[in-house]
Amino acid sequence: MRVLLVMDQFDNDNNGTTITARRLASALRRHGHEVYVIGAGKKEDHKFVVKTYPLPPIVKQLVTSQGMVFARPNRRTLREAICQVDVVHFLMPFRLSIKGLKIAEELGVPRTAAFHVQPENITYSICLGTSEPVNRRIYQFFYKHFYYAFTHIHCPSRFIADQLVENGYGAKLHVISNGVDPDFVYRKIPKKAEWMDRFVILMIGRFSNEKRQDLLIEGIKKSRYESSIQLVMAGQGPKKEDLRKLGRVLTHEPVMEFYSHEDLMDVIAMSDLYVHASDAEIEAISCMEAFSSGLVPIIANSVKSATPQFALDERSLFEAGSSSSLAEKIDYWMEHERERKEMEQAYSEHGKQYSLDACVDRMEEMFREEIEERTGVKPDGNDGIKG
């Protein structure tokens, strides 16, 4: 197949959706498909480049701190890209995708979409994250302006598929994990010198309101073993300085860094426990990578998050929003080292079912189903259908 991925920001591994898109492109190519991309950024092979939207300085700072840009649609470039492929897969419901959808419809090119932008990702940034009416309006807005046109939508978790059903999305919903990169396997290495005598707790994620790194800091503060804990928060985002100030209450100042793929694997391998405190989450690849690498997770049991599905038992769940509940679970795992070591192996095995290649196999099935329904031609294996 010839596949076009439409993604505003594809160049850098600095946000979850971009990482997902880049891994999908790489895996599809390994499977023998011809993959094109359209988005903002630098030129490269098989990529169609468009400009970014100029934004007011305050808005631009907020958007770029989240690792994103908004691509400015160019009809000629979109048409050139879409004409070359068997199927177009849209990863974001923004202007580039909306314009691309219209062109794909005009040309009769098969198209699918992914649901990666949870309304809470937006509303938590403006302090309205718990407002159900506002979140529902955003679901409706996305549907009215974009998702109404698709018969196949990729949902990274059953949780988000259920949310779409509740909000009236009528397409066939394909529940397929974004998949864990094969690099993330059980691995341990010695801690760096300054962490050697400390219990290292890791959280990976954007520094934004819904991720609740603030709750993690408060939970560690309440731990009986606070003075021996080293907190590492891997990521970037608009709340970085606020979190840095909050972290000063801890004996050991939290480490806050954005890590490369290789460095992140090393940090995971040096850590003792993983915490995912987020109130809202579509899937949480970072948590999957951590437990696949042999870290026991403690996960917020939030009704707006898909991540609790990964907990193997109640020891890995805490009451969402409760720093006291989180502190109890941290203390439990620190006090029960043998159990923790046993569960590290269990979680690593658990992660194998989310292998990237297996998930891409199912994405291929979705693409083929859309192509056959839209064109009446059944793709054969990895062969393209255009002559």
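Analyst: Contact, as used here, means heavy atoms within 4.5 Å, and helices (H or I, at least four residues) and strands (E, at least two) are DSSP runs numbered from the N terminus. This is a predicted model, in which local features need pLDDT of at least 70 and side-chain atom pairs count only at pLDDT 80 or more, while totals for chains, interfaces and linings use all residues. Residues are numbered from 1 along each chain as its sequence is written, and side-chain values use heavy atoms, with hydrogens and water left out.

Two packed helices are described by the angle between their axes and the distance between the axes. For helix H3 (residues 75-82) and helix H4 (residues 95-107), the axes (lines fitted to C-alpha atoms, for helices over the stretch in contact, with angles from 0 to 180 degrees between N-to-C directions) come within 10 Å and cross at roughly 55°. That angle makes H3 oblique to H4, since angles under 35 degrees count as roughly parallel, over 145 as roughly antiparallel, 65 to 115 as roughly perpendicular and the rest as oblique.

On the H3 side, Arg 75, Leu 78, Arg 79 and Ile 82 take part, and they meet Leu 96, Lys 99, Gly 100, Ile 103, Ala 104, Glu 106 and Leu 107 in H4. The residues of this contact between H3 and H4 divide into 6 nonpolar, 1 polar and 4 charged, where Ala, Val, Leu, Ile, Met, Phe, Trp, Tyr, Cys and Pro count as nonpolar, Asp, Glu, Lys and Arg as charged, and the others, Gly among them, as polar.

Another pair can be read in this way. Helix H8 (residues 213-222) packs with helix H12 (residues 323-335) at an angle of about 60°, their axes lying 8 Å apart, and H8 and H12 are therefore oblique to each other. H8 passes H12 in a right-handed crossing. From H8, Leu 215, Leu 216, Glu 218, Gly 219, Ile 220 and Lys 222 meet Ser 323, Ser 324, Leu 326, Ala 327 and Ile 330 in H12, and by class the contact of H8 with H12 has 6 nonpolar, 3 polar and 2 charged residues.

How values were computed
A crossing is left-handed if the near helix is turned anticlockwise from the far one by less than a right angle, and right-handed if clockwise.
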